[in-house]
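Thanks for coming, everyone. Let me put the structure up, and then we go through the rings and the packing.

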Amino acid sequence: MKKNVIAVDKAFKLLSKWAQTIGHVPIIDLMAAGGENPWKILVSTMLSARTKDSVTASSSRKLFKVADTPQKTAKLSVEKLRELIYPVGFYKVKAENLKKLAEIIVEKYSCQVPETVEELVTLPGIGIKTASLVFIKAFNGYDICVDTHVHRIANMWNLVKTDTPEKTREELKKVLPKKYWKELNQHIVTLGQTICRPMKHECGKCPLNKICPESKT
Ligand code: SF4
């Protein structure tokens, strides 16, 4: 029997409308909308891993007051960087990566953040998810940023049948119209953090409850 796949156009229409009502915009989207430069977007995206948006925002502010360029960041010690970015998740490792990242951007890229996912992903502390988000938000590039929520929900909607976020990214590119690539992450992450959490699906409150294959309503 053919699997019930969510209607993509309808889902995006409903999610866009819902996003306007909840008033939550992720920190990196806010920065991009405010025209922040690629260096700040790169650093804040790196800091945001396993960290609440409010903490990413306050740590980024603290850091950027002291060092808002790769040159200034490269001159700081790892200890000082630790102090500035605390309490983001894994701040010790992130401080070390941030120091190396700044040095590489200064020395290898003449202080300019590289503009491709392939180059971004070679930088310290930058995985495919971060590289993809920076490519989309800092350079207005076309890509699909897949985190655990996007991976889980795309499989739940039967858009893909994959066992890793990396495979989900590749498969989603085959089935999703390009016009949805950039906004997919923001919509699904917000849904996954609020109404459709891993252990608790509040289908009664969900804007997609009439079209979702997993709806319990
Ligand atoms: S209808 Fe339920 S299972 Fe489907 S996306 Fe919404 S909360 Fe998740």
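**Rings and packing**

Start with Tyr180: its relative accessible area is 9%, so it counts as buried. Buried here means under 20% relative accessible area, exposed over 50%, partly exposed in between, with a 1.4 Å probe and protein chains only.

Some ground rules. This is a predicted model: local features need pLDDT of at least 70, side-chain atom pairs count only at pLDDT 80 or more, and totals for chains, interfaces and linings use all residues. Residues are numbered from 1 along each chain as its sequence is written, and side-chain values use heavy atoms, with hydrogens and water left out.

Now, how many aromatic pairs does the structure hold? Two. Rings of Phe, Tyr and Trp (its six-membered ring) pair if their centres lie within 6.5 Å; planes under 30 degrees apart are stacked, over 60 edge-to-face, the rest tilted. Phe12 and Tyr180 are stacked, 4.1 Å centre to centre, with 15° between the planes. Phe12 is in helix α1, residues 8-22, and Tyr180 is in the loop between α11 and α12, so this pair ties together parts 168 residues apart in sequence. Helices are DSSP runs (H or I, at least four residues), numbered from the N terminus. Phe12 is buried too, at 5%.

The other pair is Tyr86 and Tyr91: edge-to-face, 4.9 Å between centres, 85° between planes. Tyr86 is partly exposed at 46%. Tyr91 is partly exposed at 24%.

Last, Ser59. It sits in helix α4, residues 53-66. Contact means heavy atoms within 4.5 Å. Leaving out residues up to four places away in sequence, Ser59 touches Leu84, Ile85, Tyr86, Pro87 and Val88.

Technical notes: Helices (H or I, at least four residues) and strands (E, at least two) are DSSP runs, numbered from the N terminus.
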